[in-house]
Amino acid sequence: MSIRFEKVDHLYSPNTPFAFQALTDVSLELSEGKITAVIGATGSGKTTLVQHLNGLLLPSSGSVIVGEQTIKAGEKLKNTKQLRKEVGLVFQFAEYQLFEETVLKDVAFGPQNFGVDELTATETAKAALKTVGISEEDYEKSPLELSGGQKRRVAIAGILAMQPKVLVLDEPTAGLDPQGAKSMMDLFRRLNREQKITVIIVTHNMEHVLEYCDEVVILEKGRLIFHDSAREFFEHPQFMERARIDAPNIIRFREMCRQKGLELSPDILTVQQLAREIAKRRKKR
Amino acid sequence: MSVIHVKDLNYSYEKGKPVIKNVSFDIEEGSYTTVIGHNGSGKSTIAKLLLGLLEKESGTIEIGGLPLTLENLGEIRNRIGIVFQNPDNQFIGSTVRDDIAFGLENHCVEREKMDGLIEEFAEKVSMTEFLNSEPGKLSGGQKQRVAIAAVLAMNLGIIVFDEATSMLDPTGKRDINRLISQIHKENKLTVISITHDIEEVVQSDNVLVIDHGTVAMQGTPEEIFKNEKLMVRMQLDIPFVYKLKNALAEQGIKLADTLDMERMADEVCQYALKK
Amino acid sequence: MNNITLGKYIPLDSPIHRLDPRAKIVAMFALMICIFIPTGFYGYAVIGALLVICCIAAKLKVSYVLRSFKPMLVMMLFLSVVNAFFIKTGEPIFTIKSFTLYSGAITQTLYIVIRLMLMIVITTLLTATTKPLDMTLGIEDLLSPLQKLHFPTHDVAMMISLALRFIPQLLEEAERIIKAQASRGVDMENGSLKEKIRAILSLIVPLFVSCFQKADDLADAMEARGYVVGAKRVRYKQLKFRFGDVMTIVLVNVLLAGFITAAIWMGKNNAL
């Protein structure tokens, strides 16, 4: 499903003293079937941007085109349900949206809102729970009994059960421990590769961008300042500086080596590759 | 001298499901200790037990030589303070000024001295210009600064940070980490920081590794990271420099021991470029 | 949520804003009592004029004050209709079929409507010029004599100020949850009754869970900073009466005395 922003502005509380322009003239085409990272400092408009994707926010001017639907400024959304089903949006700290008595019921809630009957919804819910790695013995538990990481997985399953074509995640690893965050990112990569879901992730974690993402979108004070491949992004440290973000360790290390006279290929993304390259360099001498 | 002494500590939220099992450790006065372990290992429970926010089942906790008991609770909280994870849920006052004042009010500091103290500690965390701001107008990092000022103003010897940076953006994280190490040095405080930030662990004097409610290991960062088996078994992250050192070792390359990335780069360049 | 004017603080700098909250609360009560003292339309004219002066002094916009009547409009209309049908005193004014409107109905209704409007203006003046926290401090101080009767004035004030502190945050949270559930296809407006109940549950349950979580965290944070319920503490914020505050209280009391005298005098004259 193609996603395009055309000259989108977004203004919060227009015509009040609290008016705030969160997006300014954003034009952007997000690639289908890829994992795209949306980064930028707090308050740069990342969350505002992604909430346009399923029509939670409507542009103040310009238009957003998602698949066959065009969301134009000043017009009412025609087929909201269809859009929300196709673009699954997972909020930050998504575990706070769980409310049903059991895990299974909560996950089946989404599809039922889109008119799927209870039996089918339960089947899709089971499949989604399996995908995110929640074991069967937890299906009948209250969501409140689970650990923080598990709750978040259930919340994500709740969105996956809607069988979206695009999965949008707003800081999905915030507050998780490093291991939990890593397995969460592994899950998104699996969904992207196996089910061909387009994944869009708002994140502050550059190690994750480096390891998992294909493309990078950078916002600064509501304006788009960069959109290209992740590889291109890591070649231009000035953008990381502008977004007030620390480069991943391996990029920093590569930069240190370059300054000391050792050029290393930008294709080196893991410590193992780096070690092999260093060994090879020595042998060449 | 050890300022915190914990022996055979036990705690459970539900009967028969202990979350803290026979935990014992000592913390030196003026040291910077980091506590690591994955979510659910019991780290935060230990922090709450130290402050008497949870009542221990058995064992002893001594803060500055004073045993933690119900009667001593007031005095214990004159000695140890805490900064929690969620910046919003620990902002008690309706402005920065009121929030710093809250602890002073409870400790019955004289009214005349409050303004001076509030201003002094707001200055220390660079929040002077926000003294009359409401929490809604502040970023997460700024709210944590206020929480730190509020604890500092109460003039305690020990501060516990319970994942104080985990809900902040990278800028906020860097900011607060810098502030923590600064106040540790300047105020000669004992700092205990529960964290997932492995680079912060490298900076600390002493590391406590918690696993399934027990102390799996205690030592300097070097000692901890050298024990690679333990780190892997506990699925804990290790610092980049260690990862690289291990990967190089697999290639049969052995370089001088260092924890500093810049020096590591020197070593690698020397090695790769040497004729 | 931005349309509700009644009870909202307007951050301005004016002589009324600067008054001590206790003086303002006392003045409010005195004026309220004045309204209920039967002095006829003359009395209302005096209070009305006084309130207009106060509103100007407080730099409140006319439109803002008018907007605060909105929530009461329906009630006033309802009262007028009821009065028109049931009050049969005074002169008949006109008759349509079997319905006759009496002059008594009109004066009675006007009395009630004017009273209501004056009361609304008085409360709006108080809330628009007093920070919620100052209001709690004021209430706490005014209630402090009750401490002798073991009424926990301080704890009550603390509860109110904490509630005020967390209201904006909870509203934000509610908006977030509504959006998150909307992303799962929840439609708060359309759908069958059963669907609507579920939609509301999907908002309320998470909001409660988050409230309890916040309460838990907050209790820990307060306790860790040495707060003990009912224990002695030194209050940082101290209210101080200034000359203007004393004058305000003197003036409203003079006014109140005047109203009482007028009412007694009028009562006597009527009796004669």
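Author: Accessible areas are computed by the Shrake-Rupley method with a 1.4 Å probe, and for residues only the protein chains shown count as cover. On that basis, chain C exposes about 16,000 Å², and carbon and sulfur atoms supply 72% of this area. The model is predicted, so local features require pLDDT of at least 70 and side-chain atom pairs count only at pLDDT 80 or more, while totals for chains, interfaces and linings use all residues. Residues are numbered from 1 along each chain as its sequence is written, chains are lettered from A and ligands numbered from 1 in the order in which they are written, and side-chain values use heavy atoms, with hydrogens and water left out.

The secondary structure of chain C consists of ten helices and two strands; helices (H or I, at least four residues) and strands (E, at least two) are DSSP runs numbered from the N terminus. Along the sequence their order is α-α-α-α-α-β-β-α-α-α-α-α. The radius of gyration, taken over C-alpha atoms, is judged against a globule rule of 2.2 Å times the number of residues to the power 0.38. For the 272 residues of chain C a compact globule would come near 19 Å, but the chain has 24 Å. Its C-alpha trace spans about 70 × 55 × 35 Å along the principal axes.

Of the 272 residues in chain C, 40% are buried, where buried means under 20% relative accessible area, exposed over 50%, and partly exposed in between (1.4 Å probe, protein chains only). A contact means heavy atoms within 4.5 Å. Among the contacts of chain C with a separation of 6 or more, 74% join residues 24 or more positions apart. As to charge, Lys and Arg count as positive and Asp and Glu as negative, with His and the chain ends not counted; each charge is placed at NZ of Lys, CZ of Arg, CG of Asp or CD of Glu. Chain C carries 29 positive and 18 negative side chains, and the centres of the two sets are 7 Å apart.

C:Met159 belongs to helix H8 (residues 153-183) of chain C. Because its relative accessibility is 55%, C:Met159 counts as exposed. Its C-alpha atom is separated by 41 Å from that of C:Phe41, which is 118 residues away along the chain.

The accessible surface of chain A is about 12,700 Å², with 46% belonging to carbon and sulfur atoms. Within strand E4 (residues 61-66) of chain A lies A:Ser63, which is buried because its relative accessible area is 8%. Residues up to four places away in sequence aside, A:Ser63 touches residues including A:Arg4, A:Phe5 and A:Ile71.

In chain B, strand E6 (residues 80-83) is covered on both faces, with B:Ile80 and B:Ile82 buried on one side and B:Gly81 and B:Val83 buried on the other. Strands pair if DSSP finds at least two bridges between them. E6(B) runs parallel to strand E7 (residues 158-162) of chain B, to which four bridges join it. Within this pairing, B:Gly81 has B:Ile159 of E7(B) as its bridge partner.
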